[in-house]
Amino acid sequence: MVKPLSYVAGISPYVPGKPLKELERELGISGSIKLASNENPLGPSPKAMAALKEFMTNTGEIGRYPDASGYYLKNAISAKLNAKGMAGSAELTPDNLILGNGSNELLTIAVRTFMTQKDEAVMGTPSFVVYSIAVNSVGGTAVQVPLVEYRHDLGKMADAVNENTKIVFIASPNNPTGASNSRKELEAFLKNTPDHILVVMDEAYYEYATDPEYPQVLRDYWGKKEFLLLRTFSKAYGLAGLRIGYGIASNKVIAEMNKIREPFNTNSLAQHAALHALDDDAHLENSIRVNIEGRDYLYKEFDAAGVKYVPTQANFIYMPLDADSKKVYDALLRKGVIVRPVGPKEIRVTIGLPDENKRFIDSFKEVMKQI
Ligand SMILES: Cc1ncc(COP(=O)(O)O)c(C=O)c1O
């Protein structure tokens, strides 16, 4: 075999949550629930689904390449953000946007645009593992700064920046912990970041955040600070299977990233569904409400049972256990409840529908009695 690059050979691959059907086949069970990949339990917007069906049957678009510029979707995103005053005082235009095959792809495009071997990227640990995979894939160094109280230690991350640093990744809120840095912490960090770095603010779970101290990066820093802000249609918009997300940055940053973006990286179904999902405020509000109610139910049950958890700004909850997480994960699996082990003694559970949350709680309590 041709020899892989040494830095590629050294990468530990991302382990995705297994599809439900595959797990059920393996375990010989049925009727299981997946609370492992932070998807929207309500699924996509019905409006988006109706538009998608119409698109597939009536227009014959499938035989043609998608719109490489994502014209309609980028226009709709910028119009929505401007209307909500989310871009602060300065308007943003479609030239400030880039679409990706999930925000995941935009992370890798950012790394490939700005980093090479010998360059460094600073990130928290544990955080979204794709950051380090992307950095290692170009031979760069992932400088991992341990979290403090489950959120990014922005002071230590600032200290880790040097002349070789190109990117700092901040997951806001963080995955897998669900915690977010406060407005004040972020302000102190951004005040001192040098101009030669790009701050990548990963807001995959932005829509779910409820803490008044959660930083509103776009509103407060647009036009004032260089950053790349990433959002996605995979989570609150329920379109994870279609793969579509977007990045917001100065038109200079976007223009450089566009040079290496595959021209047809987002497919026409994804663009079309996202366009209509964006228009369905009722579904988004419902998704957020279901998440808040599910979160509060789980908190109440955890509190009553004395179970430790980290308060979340996202659609999942991080649980530090007094037990081996793999054992707990396996035992839950056998009861048809799929969660995610995210550390030796930590699991992460996605907030589901009311009956799913109850089933998780009941199963978790039984499992913890046995372990
Ligand atoms: C923090 C974070 N960023 C980015 C992503 C990527 O999401 P997607 O590629 O589906 O937009 C995820 C997905 O789980 C995530 O948790």
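Visitor: Where do the domain bounds come from here?
Guide: The domain bounds come from an automatic or database domain assignment, and on that basis the protein chain is divided into domain 1 (6-44 + 282-370) and domain 2 (59-280). Residues are numbered from 1 along each chain as its sequence is written. The model is predicted, and local features need pLDDT of at least 70, side-chain atom pairs count only at pLDDT 80 or more, while totals for chains, interfaces and linings use all residues.

Visitor: How many residues of domain 1 are in contact with domain 2?
Guide: In domain 1, 29 residues are in contact with 30 residues of domain 2, contact being C-beta atoms, placed from the backbone, within 7 Å. Helix 12 supplies the largest share of the domain 1 side, seven residues, where helices are DSSP runs of H or I with at least four residues, numbered from the N terminus.

Visitor: And the core, which residues have the most contacts inside it?
Guide: Those are A110, I167, V168 and V200, in a largest nonpolar core of 91 residues. Such a core is a set of buried Ala, Val, Leu, Ile, Met, Phe, Trp, Tyr and Cys residues joined through C-beta atoms within 7 Å, and buried requires 20 or more other C-beta atoms within 10 Å of a residue's own, all placed from the backbone. Both domain 1 (6-44 + 282-370) and domain 2 (59-280) contribute residues, so this core lies between them.

Visitor: What does I167 touch?
Guide: Leaving out residues up to four places away in sequence, I167 touches A110, V111, F114, M115, A121, I197, L198 and V200.

Technical notes
A residue is buried if 20 or more other C-beta atoms lie within 10 Å of its own, exposed if 12 or fewer, and partly exposed in between; C-beta atoms are placed from the backbone. Two residues are in contact if their C-beta atoms, placed from the backbone, lie within 7 Å. Helices (H or I, at least four residues) and strands (E, at least two) are DSSP runs, numbered from the N terminus.
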